[in-house]
Amino acid sequence: MAILSDEEYMQRAVALALEAQNNGEVPVGAVLVDAMGEVIGEGANATISSHDVTAHAEILALRVAGQRINNYRLPGCSLFVTLEPCAMCLGAIFHARLSRVMFATPDPKTGACGSAIDLASQSNLNHHTQIEQGVLKETCSHMLSQFFKQKRQKVV
């Protein structure tokens with residue numbers, strides 16, 4: 001299998017985010033790719049529909065990948081996610097030993113990669129994951145802002 005570009009993996013994450021949105025969830029999608037470029041896990045937010053606070057897109061993608069390869073450790077893998085991971089998700093990412101995370105847009109309220117807090121820069125942690133951002137930022141930022149704008153209009 002050919003390794004796709006960061007943008008192509010992120011486009012798949014955007015498609016998953018749209019699926020989440022169509023299910024009434026916050027539109028976040030995640031794609032987990034092994035070192036050979038194969039997608040080994042995917043997730044779309046499902047906290048509302050599953051009544052599970054841990055059902056973030058990142059966690060769901062990690063669960064699928066772990067089951068697929070029969071190991072919770074995923075060294076050499078990269079995660080593409082439409083929104084900056086929160087502290088819970090980043091903790092799981094560290095425990096899974098992911099090599100890289102690429103997120104599209106920052107989350108100033110709960111982002112743990114530098115926006116609200118910066119767990120990724122803690123030198124005392126036993127694992128460090130390369131954090132990158134910005135691929136399809138405008139697309140993902142617009143999708144999220146429109147989602148919350150519509151939610152606010154329904155409440156009024």
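In this predicted model, asparagine 70 is exposed, with a relative accessible area of 69%. The residue belongs to the loop that runs between helix 3 and strand 3. Most residues other than glycine have a negative phi. A second case of this kind is histidine 51, whose phi is positive at about 55° although the residue is not a glycine. Histidine 51 is placed in the loop between helix 2 (47–50) and helix 3. With a relative accessibility of 74%, histidine 51 also counts as exposed, since the cut-off for that class is over 50%.

The largest nonpolar core has 24 residues, and the members that touch the most others are Leu32, Leu62, Leu74, Leu79, Leu90, Ile93 and Leu98. Two or more residues of this core come from each of strand 1 (29–33), helix 3 (57–69), strand 3 (78–83), helix 4 (87–96) and strand 4 (100–105). Apart from this core lies another, made up of 17 residues, including Ala17, Val33, Val135 and Leu136.

Leucine 32 illustrates the surroundings of a residue in the largest core. When neighbours within four places in sequence are left aside, leucine 32 is in contact with Glu38, Val39, Ile40 and Gly41, with Ala61, Leu62 and Ala65, and with Leu74, Cys77, Ser78, Leu79 and Leu98. One of these partners, serine 78, lies in strand 3. Serine 78 is buried, its relative accessible area being 14%, and the limit for a buried residue is under 20%. Not counting residues up to four places away in sequence, serine 78 touches Val31, Leu32, Val33 and Arg100.

The crossing of helix 3 past helix 4 is left-handed. On the side of helix 3, the contact is made by Glu58, Ile59 and Leu62, and on the side of helix 4 by Met88, Cys89, Ala92, Ile93 and Ala96. Sorted by class, the residues of this contact comprise 7 nonpolar, no polar and 1 charged. Leu62 and Ile93, which take part in the helix contact, are also among the core residues that touch the most other members.

Separations along the chain and in space were compared for two pairs of residues. Alanine 35 is found in the loop between strand 1 and strand 2 (39–44), and is exposed, with a relative accessible area of 55%. Alanine 35 and leucine 74 are 39 residues apart in sequence, and their C-alpha atoms are 9.7 Å apart in space. Leaving aside neighbours within four places in sequence, the contacts of alanine 35 are with Ile3 and Gly76. In the second pair, serine 145 and proline 27 are 118 residues apart along the chain, with their C-alpha atoms separated by 10.0 Å. Serine 145 has its place in helix 5 (residues 137–155). At a relative accessible area of 37%, serine 145 is partly exposed.

Key:
Residues are numbered from 1 along each chain as its sequence is written. This is a predicted model: local features need pLDDT of at least 70, side-chain atom pairs count only at pLDDT 80 or more; totals for chains, interfaces and linings use all residues. Side-chain values use heavy atoms; hydrogens and water are left out. A nonpolar core is a set of buried Ala, Val, Leu, Ile, Met, Phe, Trp, Tyr and Cys residues joined through side-chain atoms within 4.5 Å. Buried means under 20% relative accessible area, exposed over 50%, partly exposed in between (1.4 Å probe, protein chains only). Helices (H or I, at least four residues) and strands (E, at least two) are DSSP runs, numbered from the N terminus. Contact means heavy atoms within 4.5 Å. A crossing is left-handed if the near helix is turned anticlockwise from the far one by less than a right angle, and right-handed if clockwise. Ala, Val, Leu, Ile, Met, Phe, Trp, Tyr, Cys and Pro count as nonpolar, Asp, Glu, Lys and Arg as charged, and the others, Gly among them, as polar.
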